[in-house]
Amino acid sequence: MKKKILITGGTGLIGPAIVRSLLNENFDVYLVSRKPVLSIHNEKLKLITFDILAEPFENLIKKISDINIIIHGASFLETKLNFENLQIHRKFIEFTEKLFSFSGKSQKESLLIYLSSFAFLKRPLEKIITEEHPVCAINPYSINKYWGELVLFNLPNKNIRPVSLRISSPVSDDINQMPDTVVKKWISQVSVGNSVKVYGSGKRTQDFVSTIDIAKAVIQIIKNNNARGTYNITSGTSVSMNELAEIIADKFSAKIIHCGEDVNENDRWNISIKKSQNEFNYNPIFTSKQAIENLLNKII
């Protein structure tokens, strides 16, 4: 049977790479977005205009039918604690619950892929971060993401194949899709002639994963009927903030200066991808360094 795939968050950081990969595999893709604009033009891509924050969920249900696979990536990234942000996070949580419940009522076999996060992991981080790492969600964003996992894995319908992908720091090959994280901030600084400002000692490490590799993982899970549960999706490598600064500074012939403190100084993101490798043959194309260099090469 031909697969029809519904994706939320398809116009964000990770979504476009997933949408392109799905279309390359000849799937029918239904993209849920509040923006009536598509950057990808393909007859197999259908836009479903829907605003999570402003419309009742029933409006979305009226527009979809015979969906085999749902990929849920829409989220609100703000972590600051205030009334407005809490209200927005509440709406996203409610949407996630209703979307998963809608899928769970289906009598046919279907796949639910949830694009999750490492934001809710407990500190201090373990030396090797597996899918069993302790959890401690402490801000609205991390609570939102972890709640999504809890809902996903407690659906009563056994016809649902639930998969949660815990994604590390995603890197697109389009600077315009990048959120205002350390990578984009530093590139923005050096692109106008400033130095790279590294806070603290620069020894903190991060695992940067290419959105191309995330999309590859999604395709592999769709094709592997045995894949279910929680999986780490990362590059399986890490770079320190000092190394990241050097990569970016070298491209722009910029200087590096150290200043202030890094509140996450002791974080070492050594993330294991063994489970993903063993259960659906996930092997990323890009290391952390290569993911950053690929982005830079599209700029310069």
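**Figure 1. Ser-253 in the loop between α7 and β13.** In this predicted model, Ser-253 sits in the loop that runs between α7 (241-252) and β13. The phi of Ser-253 is positive, about 55°, although the residue is not a glycine. Most residues other than glycine have a negative phi. Ser-253 counts as exposed because its relative accessibility is 71%, above the 50% cut-off.

**Figure 2. Asn-281 in the loop between α8 and α9.** The loop between α8 and α9 (288-299) contains Asn-281. Asn-281 is a residue other than glycine with a positive phi, near 60°.

**Figure 3. Helix α1 and the elements packed against it.** Helix α1 spans residues 15-24 and is mostly covered, with eight of its ten residues buried. These buried residues are Gly-15, Pro-16, Ala-17, Ile-18, Val-19, Ser-21, Leu-22 and Leu-23. They pack against strands β1 (4-8), β2 (28-33), β3 (45-49), β4 (69-72) and β5, and against helix α6 (211-223). Asn-26 follows α1 and has a positive phi, near 70°.

Figure 4. Is His-41 buried or exposed? His-41 is exposed, because its relative accessible area is 72% and the cut-off for exposed residues is over 50%. The residue lies in the loop between β2 and β3. His-41 and Ile-52 are eleven residues apart in sequence, and their C-alpha atoms are 23 Å apart in space.

**Figure 5. The cis peptide bond between Arg-123 and Pro-124.** Arg-123 and Pro-124 are joined by a cis peptide bond, with omega at about -5°. Most peptide bonds are trans. Pro-124 is found in the loop between β5 and α4. Arg-123 also takes part in a polar contact: its side chain is joined to that of Asp-267 at 3.1 Å.

Figure 6. Asp-267 lies in the loop between β13 (256-259) and α8 (274-280). Asp-267 is classed as buried because its relative accessible area is 10%, and buried means under 20%. Which residues does Asp-267 touch, not counting residues up to four places away in sequence? They are Arg-123, Leu-125, Arg-204 and Thr-205. With Arg-123, the side chain of Asp-267 makes a polar contact of 3.1 Å.

**Figure 7. The largest cavity.** A search of the whole structure finds one cavity of 30 Å³ or more. The largest cavity has a volume of about 50 Å³. Its lining consists of His-72, Ala-74, Ser-75, Phe-92, Thr-96, Tyr-114, Tyr-141, Asn-144 and Lys-145. Helices α3 (83-104) and α4 (140-152) each supply at least two of the lining residues. The largest share, three residues, comes from α4. By class, four residues of the lining are nonpolar, four are polar and one is charged.

**Figure 8. The second largest pocket.** The volume of the second largest pocket is about 290 Å³. Of the 15 residues that line this pocket, Glu-109, Ser-110, Leu-111, Arg-161 and Asn-225 are the closest to its centre. Strands β5 (110-117) and β6 (160-167) each contribute at least two residues to the lining. The lining of the second largest pocket has six charged, five nonpolar and four polar residues.

**Figure 9. The chain as context for the close-ups.** The chain has nine helices and 13 strands. Its C-alpha trace spans about 60 × 45 × 40 Å along the principal axes. The radius of gyration is 19 Å, which agrees with the value near 19 Å for a compact globule of 300 residues. Of the 300 residues in the chain, 50% are buried. Among contacts between residues at least 6 apart in sequence, 78% join residues at least 24 apart.

Technical notes: Residues are numbered from 1 along each chain as its sequence is written. This is a predicted model: local features need pLDDT of at least 70, side-chain atom pairs count only at pLDDT 80 or more; totals for chains, interfaces and linings use all residues. Side-chain values use heavy atoms; hydrogens and water are left out. On a 1 Å grid over the protein atoms alone, a cavity is a set of points where a 1.4 Å probe fits but cannot get out, and a pocket is an open set with protein on both sides within 12 Å along at least five of seven lines; lining residues have an atom within 4 Å of a point. Grid points are joined across faces, edges and corners, and a volume is the space filled by probe spheres set on the points. Helices (H or I, at least four residues) and strands (E, at least two) are DSSP runs, numbered from the N terminus. Ala, Val, Leu, Ile, Met, Phe, Trp, Tyr, Cys and Pro count as nonpolar, Asp, Glu, Lys and Arg as charged, and the others, Gly among them, as polar. Buried means under 20% relative accessible area, exposed over 50%, partly exposed in between (1.4 Å probe, protein chains only). A polar contact is a pair of N or O atoms within 3.5 Å; within protein, one must be able to donate a hydrogen and the other to accept it, and residues adjacent in sequence count only if both atoms are side-chain atoms. Contact means heavy atoms within 4.5 Å. The radius of gyration is taken over C-alpha atoms; the globule rule is 2.2 Å times the number of residues to the power 0.38.
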